[in-house]
Amino acid sequence: MLKKLFQSLRSPKRRTQQLRSTPEVLNSSQHSLQRAQFSRYAVNIVERLQNAGYQAYLVGGCVRDMLLNITPKDFDVATSATPEQVRAEFRNARIIGRRFKLVHIHFGREIIEVATFRANHPQNDEEEDSNQSSRNESGRILRDNVYGTLEEDAQRRDFTINALYYDPVSERILDYANGVHDIRNRLLRLIGDPQQRYQEDPVRMLRAVRFAAKLNFGIEKHTAAPIRELAPMLREIPSARLFEEVLKLFLSGNASDTFEMLVDLELFDPLFPASAEALEHNPTYTHTLISEALRNTDLRIKQGKPVTPAFLFAALLWPALPARVMYLQDRGMPAIPAMQEAAHELISEQCQRIAIPKRFTMPIREIWDMQERLPRRSGKRADMLLDNPRFRAGYDFLLLRESAGEETNGLGQWWTDYQDANDSGRRDMIRDLSNAKEDGTGPAPRKRRRTSGAKRKRSAAADE
Ligand code: ATP
Ligand code: MG
């Protein structure tokens, strides 16, 4: 699969995809799109803007996905009208964003995003005040807030297949970058010089992987070539933006292929440095655990089931934990505090790269803590764990660890059986545990005081 992805299919000789000065125009008999397939609200916006004398098109992901018979996530409009001019045309329009303004037009729960044509900043910025420069020393674009013409708007887009403009009124497609040709050949190709385009915005490397996995496209060879060398540039990207991008990468329904590609293109390391190290030192276990977790995630998404980013991050980081726990234990720290300290350090380090919000870091810790508790089942502990709101995630995580080859002495099966058993069956299972303990093979039964629920939880936590 990977080989196929990186093959350059019928790749033209030219190194960079330059834009045409006039677009190739495909009329309705030359493409498969039909106006009626698009959101009627989006089509209506384009019509109204055109009637008011502006240029307006459907653009980006929705045109690309429709040509590939994929249902688009959303519908974006690009126009020559400024945000203020757009707002003046629509009652239900709101300007969003301060640095670069966009307009959101609301129709019930559907929101259509309308963006004014934008231009790239010139490569050699000649702005007088260097503090005002739109690029940093490595060429990264810091500001991207200049309005432009339609042609300039096409030029600043990332991939040729994302730079197609569809006019639902004339039912014509405008193609400045041979995007239709690349869609037919299932190839992802950056517009312009790939090295420069990645330097301008290193996140485009992640976008290349995301679209290749989502669309099952190959990455054209000149587009793929600079990635390994430039991958470390991702370290410069603000951690909040990377969090958003990583969620898109792993919650797209193609996380498992995405992971393989990230590793192959050396993009995984700058995103998850500790996990990449674990992948190097303990490749089979780490690879199996992460891919299993991602395969489950993909499956759940395909079945329309909810997925939680916390479980995903818990799995991505887990293989990096043991080395840290061992390090602390070697320095004399007891097992449980070592585990907690290691978890804390690992998560805070990771958050410097990818800003995982607190609402997810807390449950990651809880899923991991649960791994310490699940083996301790004697007395009333098993029932208390079943009542814990994090039980299900913790149990699923245990099964995941087992599927990656971790030896747990049948713990996952025990919990599966315990959940299925009735009251007397459960009592027997706990009794068997204490018998096993007397044989020296299980935990000892403990006398417990009767306590309130909350107190019970606290004392259970303190026990362990
Ligand atoms: P998706 O189906 O994931 O929404 P999309 O192509 O619509 O795919 P968006 O992130 O919504 O992706 O971006 C919309 C359009 O904006 C893209 O199709 C592309 O033309 C342009 N774009 C987005 N991000 C970048 C970027 N980093 N550099 C250049 N162009 C970009
Ligand atoms: Mg989109």
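## Briefing on a predicted protein chain

Among contacts in the protein chain between residues at least 6 apart in sequence, 70% join residues at least 24 apart. The model is predicted, and its protein chain has 24 helices and 12 strands. Of the 464 residues in the protein chain, 48% are buried, while the chain exposes about 23,100 Å², of which carbon and sulfur atoms supply 46%.

**Two packed helices**

- Two packed helices are described by the angle between their axes and the distance between the axes.
- Helix H8 (residues 203-215) packs with helix H11 (residues 239-250) at an angle of about 10°, their axes lying 10 Å apart, and the two helices are therefore roughly parallel to each other.
- On the H8 side, Val203, Leu206, Arg207, Val209 and Arg210 meet Arg241, Leu242, Glu245, Lys248 and Leu249 in H11, and by class this contact has 5 nonpolar, no polar and 5 charged residues.

**Aromatic rings**

- The structure holds 21 aromatic pairs, including the edge-to-face pair of Tyr165 and Tyr176, with 6.4 Å centre to centre and 85° between the planes.
- Tyr165 belongs to strand S9 (residues 164-167), whereas Tyr176 sits 11 residues apart from it, in the loop between strand S10 (172-175) and helix H6 (179-184).
- Tyr165 is buried, with a relative accessible area of 0%, and Tyr176 is buried with a relative accessible area of 6%.
- The rings of Trp414 and Tyr418 have centres 4.8 Å apart and planes at 10°, so this pair is stacked.
- Trp414 and Tyr418, both buried, are 4 residues apart in helix H22 (residues 411-420) and are thus separated by about one helical turn.
- Ring pairs also link Phe243, Phe250, Phe259, Phe268, Phe272, Phe313 and Phe360 into a cluster.

Note on methods:
Residues are numbered from 1 along each chain as its sequence is written. Chains are lettered from A and ligands numbered from 1 in the order in which they are written. This is a predicted model: local features need pLDDT of at least 70, side-chain atom pairs count only at pLDDT 80 or more; totals for chains, interfaces and linings use all residues. Side-chain values use heavy atoms; hydrogens and water are left out. Buried means under 20% relative accessible area, exposed over 50%, partly exposed in between (1.4 Å probe, protein chains only). Contact means heavy atoms within 4.5 Å. Accessible areas come from the Shrake-Rupley method with a 1.4 Å probe; for residues, only the protein chains shown count as cover. Axes are lines fitted to C-alpha atoms, for helices over the stretch in contact, and angles run from 0 to 180 degrees between N-to-C directions. Angles under 35 degrees count as roughly parallel, over 145 as roughly antiparallel, 65 to 115 as roughly perpendicular and the rest as oblique. Ala, Val, Leu, Ile, Met, Phe, Trp, Tyr, Cys and Pro count as nonpolar, Asp, Glu, Lys and Arg as charged, and the others, Gly among them, as polar. Rings of Phe, Tyr and Trp (its six-membered ring) pair if their centres lie within 6.5 Å; planes under 30 degrees apart count as stacked, over 60 as edge-to-face and the rest as tilted.
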